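Please keep the sequence and the coordinates at hand while reading.

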Amino acid sequence: MALDIPLTITGNPFPLSTNAAITKDGVTVQDDRITVNIGSGNGASTFRIQNVIRTDSGSYTLNVTTTVGSGSAVFNLDVQYKPEFASVPPSMQSVKASNTFTFNCTPSAANPPPSSYVFERDGAGITEGVGGPVLTVSSLQRSENSGNYTCTVTNDVGSVTIATYVNVLVLPVVTPNSTDTTVVEEMDLEIPLTITGNPFPLSTNAAITKDGVTVQDDRITVNIGSGNGAS
């Protein structure tokens, strides 16, 4: 967008646009986007910045010179923009149960500074563990803390949301249907197992020992069903 600042310029002889010089923070401006148009006589005069960018913020001095002498005006420009992030968290983070997850929502730039940070998990607001732009979740539990986390940071110009999915990893737990079993010799024996864990284990991840010695007998196997399937 373009910025036009109306100017009231007087003098005799009346100055021309070619008699105007602009400095920013004490340095002569050499940017074709930044111009001064002085209307003839008492015509409208303007200071213009075409396609305003954030680095245009600063203190400007306009000097206008004629054969009589010079006059000047000083004005300050503050270019504002919504929060932005130079980098964002990964789409998924895997964290072991009982560990701590930290979600840092500090923007790399924002003008004016952020006025609020809103954290959510699966669409529900979070207040516990929030300290300004940082969310800290301690002692992670899969059922309570896995999910999609978002942070929306807002200032007077606008807002931006970043997100990450937290996958809480838990150790495998194997629970047999019975810990003591009696069977008649030469019969087939199957003991149902309840197996949980994240990630869910595969049959190839199972090892069997008998009386402390690794079992190497093709008759003795473990079949782990996929997900919550029968094992």
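## The open sheet

Three strands make up an open sheet with antiparallel pairing, in the order E1-E5-E4, where strands (E, at least two residues) and helices (H or I, at least four) are DSSP runs numbered from the N terminus, and two strands pair if DSSP finds at least two bridges between them. Strand E1 (3-7) and strand E4 (34-37) are the edge strands, each pairing on one side only. From one strand to the next the twist averages 15°, with axes taken as lines fitted to C-alpha atoms (for helices over the stretch in contact) and angles running from 0 to 180 degrees between N-to-C directions. E1 pairs with strand E5 (residues 45-49) in the antiparallel sense over five bridges, and serine 45 in E5 is the bridge partner of leucine 7.

## Basis of the values

The model is predicted, and local features need pLDDT of at least 70, side-chain atom pairs count only at pLDDT 80 or more, and totals for chains, interfaces and linings use all residues. Residues are numbered from 1 along each chain as its sequence is written, and side-chain values use heavy atoms, with hydrogens and water left out.

## Strand E17 and its partners

Strand E17 (residues 159-176) holds threonine 164. Strand E16 (residues 147-154) runs antiparallel to E17, joined to it by eight bridges, and the two form a hairpin with four residues between them; asparagine 148 stands opposite tyrosine 165 in E17. Strand E9 (residues 92-96) pairs with E17 in the parallel sense over five bridges, with valine 166 in E17 as the bridge partner of glutamine 93.

## Threonine 164 and the cores

Threonine 164 is buried, with a relative accessible area of 0% (buried means under 20%, exposed over 50%, partly exposed in between, with a 1.4 Å probe and protein chains only). Leaving aside neighbours within four places in sequence, threonine 164 is in contact (heavy atoms within 4.5 Å) with residues including Gln93, Phe101, Phe103 and Asn148.

The largest nonpolar core has 15 residues, and Phe101, Phe103 and Cys105 have the most contacts inside it; such a core is a set of buried Ala, Val, Leu, Ile, Met, Phe, Trp, Tyr and Cys residues joined through side-chain atoms within 4.5 Å. At least two residues of this core come from each of strand E10 (101-104), strand E15 (134-137), E16 and E17. A second, separate core of 14 residues includes Ile22, Ile34, Ile38 and Val64.
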